[in-house]
Amino acid sequence: MSKSNNIAEGSGSHSKAEFRNFLNIAKRSTFENANIVIVLSKRGFVNDAMLNAILERLDILCRKITSFQRSLMNKA
């Protein structure tokens with residue numbers, strides 16, 4: 001939820017730079033989530049298949065956020 005909340009909060013920003021910052025926070029949340037899943041895996045709560053699937057989805061999400069950030073830089 002932290003990712004979507006940061007994107008939603010940033011959408012009310014007064015500038016693209018401020019919005020990009022909220023997107024950066026959302027992107028960092030994907031890394032935080034990845035770490036949580038890795039810890040859960042090491043403790044035996046998540047199997048390898050689930051770990052890999054979640055990490056793949058987080059990677060895709062992170063790439064989408066990065067693309068969105070770049071699109072904001074390219075727009076006038």
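This is a predicted model: local features need pLDDT of at least 70, side-chain atom pairs count only at pLDDT 80 or more; totals for chains, interfaces and linings use all residues.
**View 1. Helix 2 and what covers it.**

**View 2. Helix 1 beside helix 2.** Here the axes of helix 1 and helix 2 come within 8 Å and cross at roughly 180 degrees. Angles over 145 degrees count as roughly antiparallel, so that is the label for helix 1 relative to helix 2. On the helix 1 side, the contact is made by Ser2, Lys3, Asn6, Ile7, Glu9 and Gly10. Helix 2 answers with Phe19, Phe22, Leu23, Ile25, Ala26, Ser29, Thr30 and Asn33.

**View 3. The largest nonpolar core.** Zoom in on Phe19, Leu23, Ala26, Ile65 and Leu72, the 5 residues of the largest nonpolar core. Two elements each give two or more residues to this core: helix 2 (16-42) and helix 3 (48-74). Helix 2 supplies the largest share, 3 residues. Now pick out Ile65 and look at its surroundings. Setting aside residues up to four places away in sequence, Ile65 touches Ile7, Leu23, Ala26, Lys27 and Thr30.

View 4. Search the whole structure for aromatic pairs and you find 1. How are the two rings arranged, and why does the pair get its name? The rings of Phe19 and Phe68 have their centres 5.6 Å apart and their planes at 85 degrees, so the pair is edge-to-face. Phe19 sits in helix 2 and Phe68 in helix 3, so the pair ties together parts that are 49 residues apart in sequence. Are the two partners buried or exposed? Phe19 has a relative accessible area of 13% and is buried, while Phe68, at 34% relative accessibility, counts as partly exposed.

View 5. How does the span of helix 3 fit with its 27 residues? At 1.5 Å a residue they should span 39 Å, and the end C-alpha atoms are 39 Å apart, which agrees.

**View 6. Phe31, a ring on the outside.** Phe31 belongs to helix 2. Is Phe31 buried or exposed? With a relative accessibility of 54%, Phe31 counts as exposed, because the cut-off for exposed is over 50%. Across the chain from Phe31, look for Cys62: the two are 31 residues apart along the chain, and their C-alpha atoms are separated by 8.4 Å.

**View 7. Where helix 2 comes to its end.** Leu40 and Ser41 both lie in helix 2. Leu40 is partly exposed, with a relative accessible area of 33%, whereas Ser41, at 15%, counts as buried. What does each of them touch, once residues up to four places away in sequence are left aside? Leu40 touches Phe45 and Val46, and Ser41 is in contact with Val46, Asp48 and Leu51. Leu40 and Leu51 are 11 residues apart in sequence, with 8.8 Å between their C-alpha atoms. Just after helix 2 comes Gly44, which takes a positive phi of about 90 degrees.

**View 8. Lys16 and Arg57.** Lys16 is part of helix 2. At 32% relative accessibility, Lys16 counts as partly exposed. How far is Lys16 from Arg57, in sequence and in space? The two are 41 residues apart in sequence, and from C-alpha to C-alpha they are 26 Å apart in space.

Terms used: Residues are numbered from 1 along each chain as its sequence is written. Side-chain values use heavy atoms; hydrogens and water are left out. A nonpolar core is a set of buried Ala, Val, Leu, Ile, Met, Phe, Trp, Tyr and Cys residues joined through side-chain atoms within 4.5 Å. Buried means under 20% relative accessible area, exposed over 50%, partly exposed in between (1.4 Å probe, protein chains only). Helices (H or I, at least four residues) and strands (E, at least two) are DSSP runs, numbered from the N terminus. Contact means heavy atoms within 4.5 Å. Rings of Phe, Tyr and Trp (its six-membered ring) pair if their centres lie within 6.5 Å; planes under 30 degrees apart count as stacked, over 60 as edge-to-face and the rest as tilted. Axes are lines fitted to C-alpha atoms, for helices over the stretch in contact, and angles run from 0 to 180 degrees between N-to-C directions. Angles under 35 degrees count as roughly parallel, over 145 as roughly antiparallel, 65 to 115 as roughly perpendicular and the rest as oblique. The expected span of a helix is 1.5 Å times one less than its number of residues.
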